[in-house]
Amino acid sequence: MTRKRRRLTVVLLGGLALATAAALVLAAFEDNIVFFHSPSDIATKKELGIDRRLRLGGLVKPESWKKAQDGLTHNFAITDLSHEVPVVYKGIIPDLFREGQGVVVEGRLQSNGSFRADEVLAKHDENYMPPEVAEALRKSGKWKGGADQ
């Protein structure tokens, strides 16, 4: 084997190792990425899959929030004014959580169509609307909130 051929072999093996490492890193990231979806996305996209980790955002539907006897289980619906998704959350709701306010929940879609939330994200003042939620509501054409929330 000549020097040129050895050098080429080493470069090709190094490139192959680098490509393999990049593929493994991207595969690991894919399992940990949590995508944001609106209730309309969940109603129309069947490929989202059951028991896949998602972020669901929209408005808390007025008069939908019910608290169970244990004080920790909360049932409410999130809407984008076109579709709604029932949500079940067990834990302490943030102080800023209100009906009619924007919220993002993180969790998994259940086989019965409900959403089991692990986390409720409502971390700003009562006038704040998460940008993803505001954009999804604007796309639905039913919400005309301020441009910069």
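Student: Is strand β2 largely enclosed by the rest of the structure or largely open, and how many of its residues are buried?

Tutor: The model is a predicted one. A residue counts as buried under 20% relative accessible area. Strand β2 covers residues 53-60, and it is largely enclosed by the rest of the structure because the number of its eight residues that are buried is six.

Student: In which sense does β2 pair with strand β1, and which residue of β2 is the bridge partner of Phe36?

Tutor: Strand β1, residues 35-37, is joined to β2 over three bridges, and the sense is parallel. Within β2, the bridge partner of Phe36 is Arg55.

Student: How many bridges join β2 to strand β6, and which residue of β6 is the partner of Arg53?

Tutor: Strand β6 spans residues 102-109 and runs antiparallel to β2, with seven bridges between them. On the β6 side, Arg53 has as its bridge partner Arg108.

Student: Which residue of strand β4 is the bridge partner of Leu59?

Tutor: Strand β4, residues 73-79, pairs with β2 in the antiparallel sense over two bridges. The β4 residue that bridges to Leu59 is Thr79.

Student: Which residues of the largest nonpolar core touch the most other members?

Tutor: This core has 18 residues. The residues that touch the most other members are Leu56, Phe76, Val103, Val105 and Phe115.

Student: How many aromatic pairs are there, and at what angle do the planes of Trp65 and Phe97 lie?

Tutor: The count of aromatic pairs comes to two. One of them joins Trp65, in the loop between β2 and β3 (66-67), to Phe97, in the loop between β5 and β6, 32 residues apart. Their ring centres are 4.8 Å apart, and planes over 60 degrees apart count as edge-to-face. The pair is edge-to-face, with an angle between the planes of 75°.

Student: Is Phe97 buried or exposed, and what is its relative accessible area?

Tutor: Trp65 is partly exposed, with a relative accessible area of 31%. Phe97 is buried, because its relative accessible area is 3%.

Student: Why is the pair of Phe76 and Phe97 edge-to-face, and which residues do the ring pairs link into a cluster?

Tutor: The ring centres of Phe76 and Phe97 are 4.9 Å apart and their planes lie at 65°, so the pair is edge-to-face. Phe76 is in strand β4 and Phe97 in the loop between β5 and β6, so the pair ties together parts 21 residues apart in sequence. Both Phe76 and Phe97 are buried. The cluster linked by ring pairs consists of Trp65, Phe76 and Phe97.

How values were computed
Residues are numbered from 1 along each chain as its sequence is written. This is a predicted model: local features need pLDDT of at least 70, side-chain atom pairs count only at pLDDT 80 or more; totals for chains, interfaces and linings use all residues. Side-chain values use heavy atoms; hydrogens and water are left out. Buried means under 20% relative accessible area, exposed over 50%, partly exposed in between (1.4 Å probe, protein chains only). Helices (H or I, at least four residues) and strands (E, at least two) are DSSP runs, numbered from the N terminus. Two strands pair if DSSP finds at least two bridges between them. A nonpolar core is a set of buried Ala, Val, Leu, Ile, Met, Phe, Trp, Tyr and Cys residues joined through side-chain atoms within 4.5 Å. Rings of Phe, Tyr and Trp (its six-membered ring) pair if their centres lie within 6.5 Å; planes under 30 degrees apart count as stacked, over 60 as edge-to-face and the rest as tilted.
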